[in-house]
Amino acid sequence: MVSSTADASARLATLIAHSQRIVAFTGAGISTESGIPDFRSPGGIWSRMQPIDFRDFLSSADMRREAWRRKAVIDRDFQQAAPNRGHRALAALVKRGVMNAIITQNIDGLHQASGVPGDKVIELHGNGTYAACLDCGLRYELAPIMAAFTRDETLPECDACGGIIKSATISFGQSMPQAAMARAQAESVACDLFIVLGSSLVVYPAAGFPALAKRRGAKLVIINREATDQDVSADLVVHDEIGATLGEAVGVA
Ligand code: NAD
Ligand code: ZN
């Protein structure tokens with residue numbers, strides 16, 4: 001554990017300078033400085049409501065309406081959010097060619113918005129900035145769906161196959177995206193530095209990647225306001241703000 005931000009940033013800068021293949025693993029905490037609340041901090045979404053399970057979403061039109069009602073609320077934060085210093089610092093590392101991949105649990109699209117090429121972002125929980133048909137996979141933009149839903153709670157249906165349309169995120173009870181999981185695993189094994197940013201590391205299987213990277217020889221850094229269960233195995237733990245810590249370390253404002 002390091003106490004001052006300057007000390008933490010200096011140590012992180014040294015680790016980054018000595019690494020050739022870095023992987024970032026981001027959670028909701030990297031986007032709080034962009035105005036998107038995380039899940040588990042006090043006042044977060046989960047302290048107020050239970051998540052909707054995928055089976056309930058499929059089987060009940062009422063549940064689908066509730067899901068779209070919540071989506072409308074979350075979307076207001078998403079619309080206004082822009083990448084912050086933490087996102088920009090990661091984008092700089094990708095641009096310098098030392099960061100191979102960003103594995104993210106986030107669904108806000110802010111890594112791509114900060115200039116990281118889409119093929120460097122591995123989305124474990126999907127993307128909430130658009131929707132897709134659950135049967136044929138056809139992509140749908142949110143604006144017309146939200147407009148119809150806000151008018152009279154019309155549930156979206158696929159024009160091509162009549163299937164159920166859902167925000168392109170992975171819900172509880174829904175299977176993980178196989179290609180993304182396989183890539184995340186390969187990157188975790190191959191990297192020499194694995195940096196966790198803003199994740200409570202309680203959502204599995206995603207939270208298994210830091211431990212995997214460490215087991216396979218990478219140095220592990222965890223930057224998170226609160227302690228996590230994996231702090232004990234990390235080479236550097238920083239309980240501080242992501243933007244300032246990472247921004248200083250990388251030299252990005
Ligand atoms: P989490 O809410 O469980 O944990 C976030 C952690 O980040 C907390 O431990 C908190 O202390 C820390 N944190 C918050 N702001 C910080 C800051 N500025 N600097 C340092 N630390 C900070 O999030 P999770 O581990 O990502 O798991 C929650 C799930 O919710 C994920 O699966 C994700 O799909 C989803 N989610 C996504 C978003 C988003 O896309 N922005 C937002 C909320 C939830
Ligand atoms: Zn369809």
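Helices here are DSSP runs of H or I with at least four residues, strands are runs of E with at least two, and both are numbered from the N terminus. By that rule, T5 sits in helix α1, which covers residues 5–17. T5 is partly exposed, with a relative accessible area of 27%; buried means under 20%, exposed means over 50%, and partly exposed lies in between, using a 1.4 Å probe and protein chains only. From T5 to S19 there are 14 residues in sequence and 21 Å in space, C-alpha to C-alpha.

Before we go on, a word about the model. It is a predicted one, in which local features need pLDDT of at least 70 and side-chain atom pairs count only at pLDDT 80 or more, while totals for chains, interfaces and linings use all residues. Residues are numbered from 1 along each chain as its sequence is written, chains are lettered from A and ligands numbered from 1 in the order in which they are written, and side-chain values use heavy atoms, with hydrogens and water left out.

Let us turn to the metal site. Four cysteines hold the zinc ion (ligand 2) through their SG atoms: C133, C136, C158 and C161, at 2.3 to 2.4 Å. Donors are N, O and S atoms within 2.8 Å of the metal (3.2 Å for Na, K and Ca), and since water is not among the atoms, sites may look incomplete. Along the sequence these donor residues follow the spacing C-x2-C-x21-C-x2-C. The angles among the four donor atoms run from 98 to 119°, and the site is tetrahedral, a label given to four donors if all angles lie between 85 and 135 degrees. For comparison, the ideal angle for four tetrahedral donors is 109.5 degrees. Is C158 buried or exposed? C158 is buried, at 5% relative accessible area, whereas C161 is partly exposed at 41%.

Rolling a probe the size of a water molecule over the atoms shows where empty space is left. On a 1 Å grid over the protein atoms alone, a pocket is an open set of points with protein on both sides within 12 Å along at least five of seven lines, and lining residues have an atom within 4 Å of a point. The second largest pocket has a volume of about 260 Å³, a volume being the space filled by probe spheres set on the points, which are joined across faces, edges and corners. Its lining has 18 residues, and G126, A168, T169, I170 and P177 lie nearest the centre. Strand β4 (126–133) gives the most to this lining, with five residues.

Where does this pocket lie? Domain 1 (1–36 + 83–125 + 176–253) and domain 2 (39–80 + 127–169) both give residues to its lining, so the pocket lies between them; the domain bounds come from an automatic or database domain assignment.

Finally, look at the backbone. The loop between β7 (193–197) and α9 (208–215) contains P205, which is joined to Y204 by a cis peptide bond with omega of about 10°. L201 belongs to the loop between β7 and α9 too; its phi is positive, near 55°, though it is a residue other than glycine, and L201 is buried at 3% relative accessibility. E153, in the loop between α7 (142–152) and β6, has a positive phi of about 60° and is not a glycine. E153 is partly exposed, at 28%.

Technical notes: 1 Å grid on protein atoms, 1.4 Å probe; cavity = no way out; pocket = protein on both sides within 12 Å on 5 of 7 lines; lining within 4 Å. Tetrahedral: all angles 85-135°; square planar, octahedral: opposite > 155°, others 65-115°.
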